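Trainee: I would like to learn how to read a structure like this one, feature by feature. Could you walk me through it?

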Amino acid sequence: MPRIDNDIKLDFRDVLLRPKRSTLRSRSEVDLLRSFTFRNSKQSYSGIPIVTANMDTVGTFEMARVLSKFSLFTAVHKHYTLEQWKEFAVSNPDCLQNMAASSGTGPSDLEKLTAILELLPEVRYICLDVANGYSEHFVEFVKDVRMKFPNHTIMAGNVVTGEMVEELILAGADIIKVGIGPGSVCTTRKKTGVGYPQLSAVIECADAAHGLNGHIMSDGGCTCPGDVAKAFGAGADFVMLGGMFAGHSQCGGETIEKNGKKYKLFYGMSSETAMKKHAGGVADYRASEGKTVEVEFKGDVESTIRDILGGVRSTCTYVGAAKLKELSRRTTFIRVTEQSNTIFS
């Protein structure tokens, strides 16, 4: 028999953060750096835990060059060749510590991942990414990768519930990617009816992960710097962004001109566009679960990075958090029926 969970589940748009008294005089006083030691790899991390998604439009080497300058992180898409990795590493050795090599669960994926990590031991992070992190096959794959790479930090997902976060951590993952369907070019919820409001998913999954000394990454659903701050406030250790990093000079794909304006294509990795590009088309047994959009060209990603970091710093000043680490402890969410006045949107 089907059952209904009547507990209220919320998204970023359903809440605002309540301001609190603060001793901070300026957002310049806020420290956004976080330091973590991961449960399974025992590896240490220090940086600003904002991550560009491992999509071939935004998880690019060009993006990694810029994000690394700001101590941000890049999950590099899985479609670069070994030779391309080698060329990038020769000219950008300092970026490698802030990058993850991505892989699906296919045998050829694991072969390529192994070749990259053997060629470039400085790359210490692995991003294991599937649309449905609930399959037993994926859990077993995480175990296999952990055995093969005992000292690498593994990001794995995506899931949205505490019990699966715990299972993946116990299988060997360090950072669990949380989010099913919230992405701007994801159509999983329309095609399958499956999903979970992102704010509640982050709160519940963070609680499960932190009980095991694991970490989570909120993946999807952020539309503005305020949403990034809400994800951190909800307990996310890392926040992964796709759409907010789309449309920049550093993004993959061609620049299109229409009616005197420039655009960049941005598409989900389960979209027809992506599957035609990388797999020759959509397989007979599946549906496309992503869409393709034209994002107005935004220029260099540096200005967007500064906007996001400035917004999160400002959030911290409103709630009295001198460090990003303190934000979740200082966060009280209030439910709202409206986010902002949109008369001039």
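Mentor: Gladly. Let us start with a helix and its surroundings: the buried residues of α10 pack against β1 (15–17), β4 (50–52), α1 (61–69), α8 (225–233) and β11 (238–241). Helices (H or I, at least four residues) and strands (E, at least two) are DSSP runs, numbered from the N terminus. Buried means under 20% relative accessible area, exposed over 50%, and partly exposed in between, with a 1.4 Å probe and protein chains only. Contact means heavy atoms within 4.5 Å.

Trainee: Before we go on, what sort of model is this, and how is it numbered?

Mentor: This is a predicted model, in which local features need pLDDT of at least 70 and side-chain atom pairs count only at pLDDT 80 or more, while totals for chains, interfaces and linings use all residues. Residues are numbered from 1 along each chain as its sequence is written, and side-chain values use heavy atoms, with hydrogens and water left out.

Trainee: Which residues of α10 are buried?

Mentor: They are V301, T304, I305, I308, L309, G310, V312, S314, T315, C316, T317 and V319.

Trainee: How do I check the length of a helix?

Mentor: The expected span is 1.5 Å times one less than the number of residues. The 19 residues of α10 should therefore span 27 Å, and the end C-alpha atoms of α10 are 28 Å apart, which agrees. Helix α3 (residues 107–119) has 13 residues and reaches 18 Å from its first C-alpha to its last, close to the 18 Å expected.

Trainee: Where on α3 do the buried residues sit?

Mentor: The buried residues of α3 are D109, L113, T114, I116 and L117. They lie on the same side of α3 because they cover an arc of only 165° around the axis; the arc is that of the directions from the helix axis to the C-beta atoms. Turned away from that buried side is a face with the exposed residues P107, S108, E111 and E118. The cover over the buried residues of α3 includes α2 (82–91), β6 (99–103), β7 (125–129) and α4 (136–148).

Trainee: And how do I read a single buried residue?

Mentor: Find its element, then its accessibility, then its contacts. I216 is in strand β10 (residues 215–219) and is buried, with a relative accessible area of 0%. Leaving aside neighbours within four places in sequence, I216 is in contact with residues including V165, I175, V178, V202, A209 and F238.

Trainee: What about the loop between β2 and β3?

Mentor: S41 lies in the loop between β2 and β3 (44–47) and is buried at a relative accessible area of 6%. Leaving aside neighbours within four places in sequence, S41 is in contact with R146, P150, N151, H152, T153 and D174. K42 is in that loop as well, but counts as exposed at 62% relative accessibility.

Trainee: How should I read backbone angles?

Mentor: Most residues other than glycine have a negative phi, and most peptide bonds are trans. Here K42 has a positive phi of about 65° although it is not a glycine. S71 also has a positive phi of about 65° without being a glycine; S71 lies in the loop between α1 and β5 (73–76) and counts as partly exposed at 28% relative accessibility.

Trainee: Which residues does the cis peptide bond join?

Mentor: The cis bond joins G157 and N158, with omega about 20°. N158 lies in strand β8 (residues 153–159).
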